[in-house]
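This report walks through one protein model, heading by heading. Please keep the sequence and the structure in view while reading.

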Amino acid sequence: MTLPEKSQTTTAKKATTAKKATTAKKATTAKKATTAGTRPGGRSARVRAAVVAATLAELAEKGYDHLAVEAIRHRADVHKTTVYRRWGGVDGLIADALALSADQPWPIPDTGNVDEDVHLMAHEVYATFTDPDLRTTPTALIAAALRSDLGAAALGAFFTARHRRPPKS
């Protein structure tokens, strides 16, 4: 093999390796967005909280079709590379917002009567989704999740987490 041929082969191998690394990094970023394994405190937690809050605010105001990383990063006061590196884009942001929501407490009624408990839970859901002050964000988040593969997976995980959570005493 001549020197120019060897150089071309080496360059092709490097390009293939770089492409595989980029693909793996995107997959890892998407997984991070849905698993959200962050530390409970520190800068990382503050950045996550700010970005998720900005995502929810932008989503509620503009909807999924007009959701933009630039607007979210500006509202959260972080650099856009932080958003792309950690969440990969809008779909990762939606997935993480749902993952964070799944961790929020949801009081499950325990009146001692299953029928009454189910009635109270249904009433709470109804009240949330019919109240103009409360419905915008959850409605927009669910609608966005239905348009995103990552979001749909996170929405499924959200409901699974809600159903597995033991009632609070």
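How many helices and how many strands are there in the protein? There are 8 helices and 0 strands, where helices (H or I, at least four residues) and strands (E, at least two) are DSSP runs numbered from the N terminus.

## The model and its overall make-up

This is a predicted model, in which local features need pLDDT of at least 70 and side-chain atom pairs count only at pLDDT 80 or more, while totals for chains, interfaces and linings use all residues. Residues are numbered from 1 along each chain as its sequence is written, and side-chain values use heavy atoms, with hydrogens and water left out.

Along the sequence the pattern reads α-α-α-α-α-α-α-α. Of the 169 residues in the protein, 29% are buried. Buried means under 20% relative accessible area, exposed means over 50%, and partly exposed lies in between (1.4 Å probe, protein chains only).

## The largest pocket

Rolling a probe the size of a water molecule over the atoms shows where empty space is left. The search uses a 1 Å grid over the protein atoms alone: a cavity is a set of points where a 1.4 Å probe fits but cannot get out, and a pocket is an open set with protein on both sides within 12 Å along at least five of seven lines. Lining residues have an atom within 4 Å of a point. Grid points are joined across faces, edges and corners, and a volume is the space filled by probe spheres set on the points.

The largest pocket has a volume of about 750 Å³. It is lined by 23 residues, and those closest to its centre are Trp-106, Phe-129, Phe-158, Phe-159 and Arg-162. Helix 5 (90-102), helix 6 (114-130), helix 7 (136-145) and helix 8 (149-164) are the elements that give two or more residues to this lining. By class, the lining of the largest pocket has 15 nonpolar, 5 polar and 3 charged residues. Here Ala, Val, Leu, Ile, Met, Phe, Trp, Tyr, Cys and Pro count as nonpolar, Asp, Glu, Lys and Arg as charged, and the others, Gly among them, as polar.

## An aromatic pair

A pair of aromatic rings is described by the distance of the centres and the angle of the planes. Rings of Phe, Tyr and Trp (its six-membered ring) pair if their centres lie within 6.5 Å; planes under 30 degrees apart count as stacked, over 60 as edge-to-face and the rest as tilted.

The structure holds 1 aromatic pair. The ring centres of Phe-158 and Phe-159 are 5.2 Å apart and the planes are at 75°, so the pair is edge-to-face. Phe-158 is buried, at 14% relative accessible area, whereas Phe-159 is partly exposed, at 36%.

## Salt bridges

Side chains of opposite charge can pair when their charged atoms come close. A salt bridge is a side-chain nitrogen of Lys or Arg within 4 Å of a carboxyl oxygen of Asp or Glu. The structure holds 6 salt bridges.

One of them joins Arg-75 and Glu-58, whose closest N and O atoms are 3.0 Å apart. This pair links distant parts of the chain, with Arg-75 in helix 3 (residues 69-76) and Glu-58 in helix 2 (residues 42-62), 17 residues apart. Arg-75 is partly exposed, with a relative accessible area of 38%, and Glu-58 is buried, with 4%. Another salt bridge is formed by Asp-65 and Arg-147, at 2.7 Å from N to O. These two residues are 82 apart in the chain, Asp-65 in the loop between helix 2 and helix 3 and Arg-147 in the loop between helix 7 and helix 8.

## Helix 5

Is helix 5 largely enclosed or largely open? Of its 13 residues, 11 are buried, so helix 5 is largely enclosed by the rest of the structure. Among the buried ones are Leu-93, Ile-94 and Asp-96.

Val-90 lies in helix 5 and is buried, with a relative accessible area of 17%. The C-alpha atoms of Val-90 and Leu-67 are separated by 7.1 Å, although the two residues are 23 apart along the chain.
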